[in-house]
Amino acid sequence: TPPAHAGASPEVVGTGGDSITMQFTLNEAGKCYAVIVADGDTAPSVAQVMAGDDANDAAAISATDVAVTDAGGLVAQVDMDGLASETQYDVHIVCEDDAPSPGPNVQAAAVVLDVASSDVT
């Protein structure tokens, strides 16, 4: 089965004028993918999120992937940058486990978070 988010995961644990810090906590080891698109844009598919793309198959404003490992306590943080100051965005997140073939098991739908970058003035 695909991994499940634990606690408040996924969550934004820090914001800057041009970046956010995401934290992922899963119930098993795996990998999380995230893309940032403009607030209100059409949601990308699971495959598009995993490819780092928006709903039009173009590169997202920011995209990342991060391993969530047993060694890390099933928690991982990652910075996502390239944002404009004081701007609203949507972050779409999809995670998969690290199951061997025929895995990995991928979440069926993305989690969406509304985020805003900070004021840098």
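Modeller: Here is a walk from the overall layout into the core and then out again. Keep in mind that this is a predicted model.

Let's start with the layout. The protein has seven strands and one helix, and from the N terminus on they come in the order β-β-β-α-β-β-β-β. Its radius of gyration is 14 Å, close to the 14 Å that the globule rule gives for 121 residues, so the protein is as compact as a globular protein of that length. The C-alpha trace spans about 45 × 30 × 20 Å along its principal axes. Of the 121 residues, 41% are buried.

In soluble globular proteins, nonpolar side chains tend to be buried together. Here the largest nonpolar core holds 20 residues, and I20, M22, F24 and V91 are the ones with the most contacts inside it. Which elements give two or more residues to this core? They are strand 2 (19-25), strand 3 (30-38), strand 4 (62-68), strand 5 (75-81) and strand 6 (88-97). Strand 6 supplies the largest share, four residues. There's also a second, separate core of seven residues, with Y33, V46, A60 and V94 among them.

Setting aside neighbours within four places in sequence, F24 is in contact with S9, P10, C32, A34, V66, V68, L74, V75, A76, V78 and I93.

Next, have a look at T64, which sits in strand 4. Is T64 buried or exposed? It counts as buried, because its relative accessibility is 18% and the cut-off for buried is under 20%. Not counting residues up to four places away in sequence, T64 touches C32, Y33, A34, V78 and M80. C32, A34 and V78 turn up among the contacts of F24 as well.

For contrast, step out to D119, in the segment after strand 7 (111-116). With 43% relative accessibility, D119 counts as partly exposed. Leaving aside neighbours within four places in sequence, D119 is in contact with S85 and E86. D119 and A84 are 35 residues apart in sequence, yet 9.3 Å apart in space, C-alpha to C-alpha.

Terms used
Residues are numbered from 1 along each chain as its sequence is written. This is a predicted model: local features need pLDDT of at least 70, side-chain atom pairs count only at pLDDT 80 or more; totals for chains, interfaces and linings use all residues. Side-chain values use heavy atoms; hydrogens and water are left out. A nonpolar core is a set of buried Ala, Val, Leu, Ile, Met, Phe, Trp, Tyr and Cys residues joined through side-chain atoms within 4.5 Å. Buried means under 20% relative accessible area, exposed over 50%, partly exposed in between (1.4 Å probe, protein chains only). Contact means heavy atoms within 4.5 Å. The radius of gyration is taken over C-alpha atoms; the globule rule is 2.2 Å times the number of residues to the power 0.38.
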